[in-house]
Amino acid sequence: MADDIEAKEPHNEFDTILVLDFGSQTSHLILRRLRSLQVYAEMLPCTTKLADLPFKPKGIVLSGGPSSVYDQDAPHVDPAILELGIPILGICYGCQEIAWRINSENVARGEHREYGHTDVNIHHTNDSSINRLFAGLGETIHVYMSHFDKLTRLPSEFVVIASSKNSEYAGIAHQTKPIYGVQFHPELEHTPRGIEILRNFAVNICGAQASWVMKNFRDKEIVRIRNLVGSSAQVIGAISGGVDSTVAAKLMKEAIGDRFHAILVDNGVMRLNECEQVKETLREHLGINLTVVDGAELFLSRLKGVTEPEQKRMIIGETFVHLFQKEASRLEQEAEKTQNAGPILWLLQGTLYPDVIESVSYKGGDPAYVRPSATIKTHHNVGGLPKTLKLKLIEPLREMFKDEVRKFGAELGIHRDLLMRHPFPGPGIAIRILGEVTPERVAMARAADNIFISEIRAAGVYDLMSQAYVAISQDRAVGVQGDARVYGYIAILRAVKTLDFMSAEPYEFDFGLQKRISTRIVNEVVGIARVTYDITSKPPGTIEME
């Protein structure tokens with residue numbers, strides 16, 4: 001049975017390009033670009049051993065990275081992977097890694113750092129197989145460079161296929177093997193025709209089938225879930241009402257019907273009327289078994305006096321697990337009393353790929369490449385199960401990005417308005433209230449957020465943003481209302497645009513709309529005296545406040 005389940009993992013069902021990550025901030029963008037071509041891609045650490053590969057990829061991309069290949073502690077790819085006989089594309093550091101593997105003197109520090117836009121000249125050869133990477137791109141392309149080190153001489157058995165003013169070996173290709181390297185970054189939007197280069201590599205050179213479409217995934221995943229869960233076991237899942245958990249719940253309903261039980265824990269820090277809306281959506285519109293657990297008073301009592309963000313997350317997470325376990329035990333006792341009802345053996349989570357990347361990421365600089373980079377913040381749905389729960393985890397969306405989940409939800413028949421809802425964090429408004437979480441400040445945050453969202457919906461710009469909300473500062477400011485002095489909190493508007501939630505830019509508001517939102521919040525929400533707008537990008541900021 002286990003072998004059958006393993007055989008149905010996405011990389012064994014779809015042609016897969018493997019991205020080996022050297023710690024680049026843009027490695028995930030390589031995945032996104034490939035998947036946008038409907039080619040499935042997965043990412044593993046650069047030092048993954050050939051013997052440990054769980055599948056044979058159609059091709060391999062070596063990412064960029066912050067290290068220098070000649071440093072003593074630089075990360076390196078398993079040499080055996082280069083001998084697999086499948087196509088390889090090295091990007092920036094990955095290109096240097098290919099050259100360094102052949103001769104360590106092929107790479108050195110350049111005289112000047114090449115950072116930003118530049119033009120690359122394409123060198124056509126008499127061998128059509130060598131020309132395939134840049135096929136159809138003409139004589140010159142505009143690209144984005146970001147490197148200090150560079151190839152200082154051409155590796156043996158390679159030819160030059162591209163050059164720039166500062167990089168004479170901006171593109172290289174092996175004379176007889178399908179191995180290529182580029183010094184620039186085709187995965188970035190700043191390289192306008194980079195997507196064509198990745199298509200040439202993945203589809204034309206690797207021969208990967210563009211079959212990563214949501215209908216194909218839906219059919220295969222339903223079969224996988226049925227095989228995994230079996231014919232009688234039951235599944236429970238925590239539901240927030242957000243896109244991820246709703247899509248995961250709908251998929252589970254499609255796969256096993258009423259043997260799936262959704263649990264909504266009201267933590268007291270959800271948005272205005274959130275629980276009522278979730279109940280209506282899941283029960284009435286999607287036909288999902290849903291139990292609502294009222295834990296608002298317990299959550300708020302445990303958060304009293306707590307101001308540190310990570311402590312808030314931990315308290316909310318632990319309290320959630322406590323209430324969830326209690327409800328799971330009740331459901332299990334009921335199942336035991338019901339004839340022909342199987343045991344509850346599985347827990348559904350709506351974990352996404354960005355959750356995994358940000359919670360446990362790996363960066364270069366460690367010779368064993370096992371040192372995780374700094375964890376920015378704990379994600380509530382990543383990191384495994386509490387031992388006391390004794391349930392096996394099922395995460396059908398774990399390999400997906402947010403936009404893929406939305407496409408998948410549409411394939412499942414979920415209404416567009418729900419699919420396009422902005423994400424909402426597991427700890428809820430608690431991490432949008434800077435400082436102590438009190439019932440009064442929760443009420444402020446809910447009311448102000450409701451005004452903000454209703455105004456941007458009315459203006460027709462809601463779908464132009466990826467995430468928008470109101471946070472409440474712990475600082476206060478003096479104001480004048482009705483000729484009287486007030487001393488109230490500061491509301492912080494936050495709205496960003498992003499494709500993958502790994503990086504984000506602030507939304508550029510119409511000033512008239514901003515003024516209207518500010519006026520309504522100050523006039524209608526008791527306790528708020530001022531409104532500001534946070535224009536910080538991610539990085540250096542994060543999308544949420546805490």
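**Sheet order, helix packing and backbone features**

In this predicted model, five strands form an open sheet in the order β12-β11-β10-β13-β14, and their pairing is parallel. The two edge positions are taken by β12 (289-294) and β14 (392-394), each of which has a single partner strand, so one side of each is left without a neighbour in the sheet. On average, and with direction ignored, neighbouring strands of this sheet are turned by 30 degrees against each other.

**The chain as a whole**

- The protein chain contains 15 helices and 18 strands, and its radius of gyration is 26 Å, close to the 24 Å that the globule rule gives for 546 residues, so the chain is as compact as a globular protein of that length.
- Taken along the principal axes, the box filled by the C-alpha atoms of the protein chain is roughly 75 × 70 × 40 Å.

**Pairing inside the sheet**

- Strand β10, which covers residues 234-238, pairs with strand β13, which covers residues 344-348, in the parallel sense and over four bridges.
- Within this part of the sheet, Gln234 stands opposite Ile344 in β13.
- As background, strands of a sheet pair through backbone hydrogen bonds, in either a parallel or an antiparallel manner.

**Helices α6 and α7**

- Helix α6 (residues 214-229) packs against helix α7 (residues 243-256) at an angle of about 65 degrees, with the two axes 9 Å apart; α6 and α7 are therefore roughly perpendicular to each other, and their crossing is right-handed.
- On the α6 side the contact is made by Arg218, Glu221, Ile222, Ile225 and Arg226, while α7 contributes Leu251, Met252, Glu254, Ala255 and Ile256.
- The residues of this contact of α6 with α7 divide into six nonpolar and four charged, with no polar residue among them.

**Helices α3 and α5**

- The axes of helix α3 (residues 27-36) and helix α5 (residues 194-205) come within 10 Å and cross at roughly 75 degrees, which makes α3 roughly perpendicular to α5.
- Arg33, Leu34 and Ser36 of α3 make the contact with Ile195, Leu198 and Ala202 of α5, and the residues of this contact divide into four nonpolar, one polar and one charged.

**Helices α9 and α10**

- Helix α9 (residues 296-303) and helix α10 (residues 309-337) pack with their axes 10 Å apart and at an angle of about 150 degrees, which makes α9 roughly antiparallel to α10; the crossing of α9 and α10 is right-handed.
- From α9, the residues Leu298, Phe299, Arg302 and Leu303 meet Lys312, Ile315, Ile316, Thr319, Phe320, His322 and Leu323 in α10.
- By residue class, the contact of α9 with α10 consists of seven nonpolar, two polar and two charged residues.

**Backbone features to note**

- Lys538 and Pro539 are joined by a cis peptide bond with an omega of about -20 degrees, and Pro539 is placed in the segment after β18 (528-534).
- The peptide bond from Pro539 to Pro540 is also cis, with omega near 10 degrees, and Pro540 is likewise found in the segment after β18.
- Gln38, a residue other than glycine, has a positive phi value near 65 degrees, and Gln38 lies in the loop between α3 and β2 (40-45).

Terms used:
Residues are numbered from 1 along each chain as its sequence is written. This is a predicted model: local features need pLDDT of at least 70, side-chain atom pairs count only at pLDDT 80 or more; totals for chains, interfaces and linings use all residues. Side-chain values use heavy atoms; hydrogens and water are left out. Two strands pair if DSSP finds at least two bridges between them. Axes are lines fitted to C-alpha atoms, for helices over the stretch in contact, and angles run from 0 to 180 degrees between N-to-C directions. Angles under 35 degrees count as roughly parallel, over 145 as roughly antiparallel, 65 to 115 as roughly perpendicular and the rest as oblique. A crossing is left-handed if the near helix is turned anticlockwise from the far one by less than a right angle, and right-handed if clockwise. Contact means heavy atoms within 4.5 Å. Ala, Val, Leu, Ile, Met, Phe, Trp, Tyr, Cys and Pro count as nonpolar, Asp, Glu, Lys and Arg as charged, and the others, Gly among them, as polar. The radius of gyration is taken over C-alpha atoms; the globule rule is 2.2 Å times the number of residues to the power 0.38.
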